[in-house]
Amino acid sequence: MTVVPVVVTGLMGAGKSTVARLLAQALDRPMRDSDADLESRYGETAAAMAADVGADELHAREALVLRDALASGAVPVIAAAASTVDDPESRAALGSAFVVFLDGPPDVLAERMRSSPHRPHFKPDLAEMLTEQRARRLPHFQEVADLTVDTSAHTPEEIAAAVLERLAVTPGAGG
């Protein structure tokens, strides 16, 4: 199989960073994380950006860091912000990657979000916010995904193993 970037995406709280970290280690590849890339480039968290410049600009920046990571020359594993699937240019760029969509019930994801202050809360009711985001983005996630996994039914390790199986990679053998 041709070696391609692996992109892990899904709503906030889905476990993108954790799964991407496991995959990067198993594949011996660099990991890129939307949250870390944003903070490195712009000097503030996604939550702070949402408050300072608004959701539209935050989402444009998230799309930019995804496309930059895909074009970096390395073959990374990327934890990509959910908003990137809203951007047609980013969806097109994802065509050259193996995309893992981490899906899950919005109420479960909302509970996970409560412990992460770096994530923007666009509504006071996080479950409602995530339900709306999922409904709006689901067709785009389905369009780009090579593999969809329910994160409420599987551990990050099980998800990583499923991805490695789909990529036909033996853990520790690189890829």
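**Entry 1: a salt bridge to start**

I began with Asp-103, which forms a salt bridge with Arg-134, the closest N and O atoms being 2.7 Å apart. For me a salt bridge is a side-chain nitrogen of Lys or Arg within 4 Å of a carboxyl oxygen of Asp or Glu. This is a predicted model, so local features need pLDDT of at least 70 and side-chain atom pairs count only at pLDDT 80 or more, while totals for chains, interfaces and linings use all residues. Residues are numbered from 1 along each chain as its sequence is written, and side-chain values use heavy atoms, with hydrogens and water left out.

Back to the pair: Asp-103 sits in strand 4 and Arg-134 in helix 7, 31 residues apart, and the bridge links these distant parts of the chain. I take helices (H or I, at least four residues) and strands (E, at least two) as DSSP runs, numbered from the N terminus. Asp-103 counts as buried at 14% relative accessibility, whereas Arg-134 is partly exposed at 24%. My cut-offs are under 20% relative accessible area for buried, over 50% for exposed and partly exposed in between (1.4 Å probe, protein chains only).

How many salt bridges does a search of the whole structure find? I got eight. One of them joins the side chains of Glu-143 and Arg-91 at 3.5 Å, N to O. Glu-143 is exposed at 53%, but Arg-91 is buried at 15%.

I also looked up Arg-32 and Asp-37, whose side chains meet in a salt bridge at 3.0 Å, N to O. Arg-32 is partly exposed at 24%; Asp-37 is buried at 17%. Then I found Arg-67, Asp-87 and Glu-89 linked in a network of salt bridges.

**Entry 2: rings**

Next I checked the aromatic rings. Rings of Phe, Tyr and Trp (its six-membered ring) pair if their centres lie within 6.5 Å; planes under 30 degrees apart count as stacked, over 60 as edge-to-face and the rest as tilted. By that rule I count one aromatic pair. Phe-101 and Phe-141 are stacked, 4.3 Å centre to centre with 10 degrees between the planes. Phe-101 lies in strand 4 (residues 98–103) and Phe-141 in helix 7 (residues 126–144), so the pair ties together parts that are 40 residues apart in sequence.

**Entry 3: nonpolar cores**

I define a nonpolar core as a set of buried Ala, Val, Leu, Ile, Met, Phe, Trp, Tyr and Cys residues joined through side-chain atoms within 4.5 Å. The largest has 21 residues, and Val-6, Leu-23, Leu-102 and Val-163 touch the most other members. Elements supplying at least two residues each include strand 1 (6–10), strand 3 (77–80) and helix 8 (156–166). Which element gives the largest share of this core? Helix 1 does, with six residues.

I then followed Val-6, leaving aside its neighbours within four places in sequence: its contacts (heavy atoms within 4.5 Å) include Leu-23, Ile-78, Val-100 and Val-163. Last, I logged a second, separate core of 20 residues, with Met-12, Val-85, Leu-138 and Val-144 among them.
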